Amino acid sequence: MNAPRAQVSPPHIAVPGEFDAEQVRADFPIMAREINGRPLVYLDSAASAQQPRAVLDAIEHYATTTHANVHRGVHTLSQEATAAFEGARERVRAFINARSTREIIFTRGTTEAINLVAQSWGGMRLKPGDEVLITHLEHHANIVPWQMACAAHGARLVAAPLTADGALDLPAFVALLNDRTRLVAVAHVSNALGTVLPLRELVAAAHRHGVPVLVDGAQAIAHQRVDVRALDCDFYAFSGHKVYGPTGIGALYAREALLAQMPPWQGGGDMILSVAIESSTYNDLPWRFEAGTPNISGAVGLGAALEYLEGLGLEAVHQHERRLLAQATAALQELPGLHLVGTAPEKAGVVSFTLDGVHPHDIGTLLDAEGVAIRTGHHCAMPAMSFFGLTATARASFGCYNTSADIERLVTALIKVREVFG
Ligand code: PLP
């Protein structure tokens with residue numbers, strides 16, 4: 001009798017020009033991990049994306065060959081570190097097509113970028129009776145800083161409603177714009193629902209009222225081409241760790257004409273030109289908004305992440321994730337008792353859902369036992385959850401390294417959850 005033949009999977013053969021997610025997956029060392037004895041299926045990129053080898057190498061190379069403090073050093077290492085840091089700024093500028101590096105402020109992430117605008121711009125512009133207009137699907141990072149700024153200046157926070165499928169109710173949004181509106185602050189993509197907001201229409205409507213627009217780009221930056229000039233937005237915020245870079249770094253794009261009027265928001269070294277006990281003069285843009293030693297290696301890592309993503313091609317990544325979204329949506333809709341939360345016509349690679357009789361946390365725990373990482377909870381978007389009468393959902397989100405086999409593993413694991421709960 002012949003010995004049984006070992007199961008050998010066929011080699012993956014990339015078709016030239018085709019997006020090869022298996023090969024992309026191999027660029028990410030963490031994808032080699034097993035979780036509970038199963039190969040990792042990572043479906044939590046909306047919370048934090050994983051980092052490719054190119055980013056890890058860039059950070060290590062910086063730390064082992066170049067690190068010193070930036071901007072004021074005459075020695076070689078300091079000058080090289082400054083070149084690396086400012087080079088990363090130029091990469092961010094080019095990635096989002098800003099006019100100048102003067103418009104790119106490094107921050108800790110999206111949250112800090114929005115707080116910067118809320119405190120600096122808000123402190124300068126908001127007066128009693130003014131309004132800041134947001135939407136019901138915002139992340140807490142684009143709600144709470146505005147609540148704080150409005151409370152400090154006697155202004156009012158107004159939220160535009162959603163439609164039943166989780167899209168923005170655009171006519172209602174437009175109707176809420178009025179001569180008291182001072183700022184519109186909206187997500188590009190909802191992290192809880194996956195909804196892509198109609199930014200062109202929204203920005204045009206706000207600008208017709210002379211109102212600037214801040215865009216929270218945390219969930220868009222890694223998944224579609226972002227061009228701040230084409231969008232015509234006034235502020236755009238994003239985080240490095242959502243775009244395959246490290247945590248603790250992000251960026252704020254701000255139109256130079258606005259930044260030039262805004263007061264600094266944090267004081268300290270690097271943001272000044274001269275200091276006397278009585279008063280100080282402030283540095284030029286963008287450094288005026290970067291007090292203290294910045295996250296230099298984080299910026300280097302972010303620059304490498306953007307370079308990596310450019311190498312994959314934003315359009316190819318976008319199309320790949322659209323295919324994953326279509327596959328996941330179709331498969332999940334077939335599962336008895338599963339309800340998709342957020343089915344707007346324009347969606348990014350985020351699928352939120354509930355399962356009858358199963359708490360989202362139990363779904364997450366059982367999926368983890370199968371090696372499938374998803375997120376459960378309110379996703380820092382409690383008003384979006386309560387809009388749907390929910391406190392929590394389970395959420396699978398996709399990145400460039402996900403494959404259709406990952407979606408199959410998700411669906412198989414969900415069928416097991418269904419079996420456990422009967
Ligand atoms: N905005 C959105 C839409 C998000 O999804 C997130 C993070 O999940 C944030 C803001 C906050 O990002 P960070 O915690 O990196 O500042």
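**Ligand contacts and the enclosed cavity**

Me: How far is an oxygen atom of the ligand from an N or O atom in the side chain of T111?
Reply: The model is predicted, with local features needing pLDDT of at least 70 and side-chain atom pairs pLDDT 80 or more, while totals for chains, interfaces and linings use all residues. Residues are numbered from 1 along each chain as its sequence is written, and side-chain values use heavy atoms, leaving out hydrogens and water. The T111 side chain and a ligand oxygen atom are separated by 2.5 Å.

Me: Which residue has a polar side-chain atom 2.4 Å from an oxygen atom of the ligand?
Reply: For H139, the distance from a polar side-chain atom to a ligand oxygen atom is 3.4 Å. The distance of 2.4 Å belongs to a polar side-chain atom of K242.

Me: What percentage of the area that the ligand exposes when taken alone does the protein bury?
Reply: Accessible areas come from the Shrake-Rupley method with a 1.4 Å probe. Taken alone, the ligand exposes 390 Å². Of that area, the protein buries 85%.

Me: How much space lies in the largest cavity?
Reply: A cavity is a set of points on a 1 Å grid over the protein atoms alone where a 1.4 Å probe fits but cannot get out. Its volume is the space filled by probe spheres set on those points. The space in the largest cavity is about 50 Å³.

Me: Where does the largest cavity lie?
Reply: Its lining (residues with an atom within 4 Å of a point) includes V189, H223 and F398. Both domains, whose bounds come from an automatic or database assignment, contribute lining residues, so the cavity lies between domain 1 (21–44 + 313–420) and domain 2 (63–310).

Technical notes. 1 Å grid on protein atoms, 1.4 Å probe; cavity = no way out; pocket = protein on both sides within 12 Å on 5 of 7 lines; lining within 4 Å. Polar contact = N/O pair within 3.5 Å; in protein donor to acceptor, adjacent residues only side chain to side chain.
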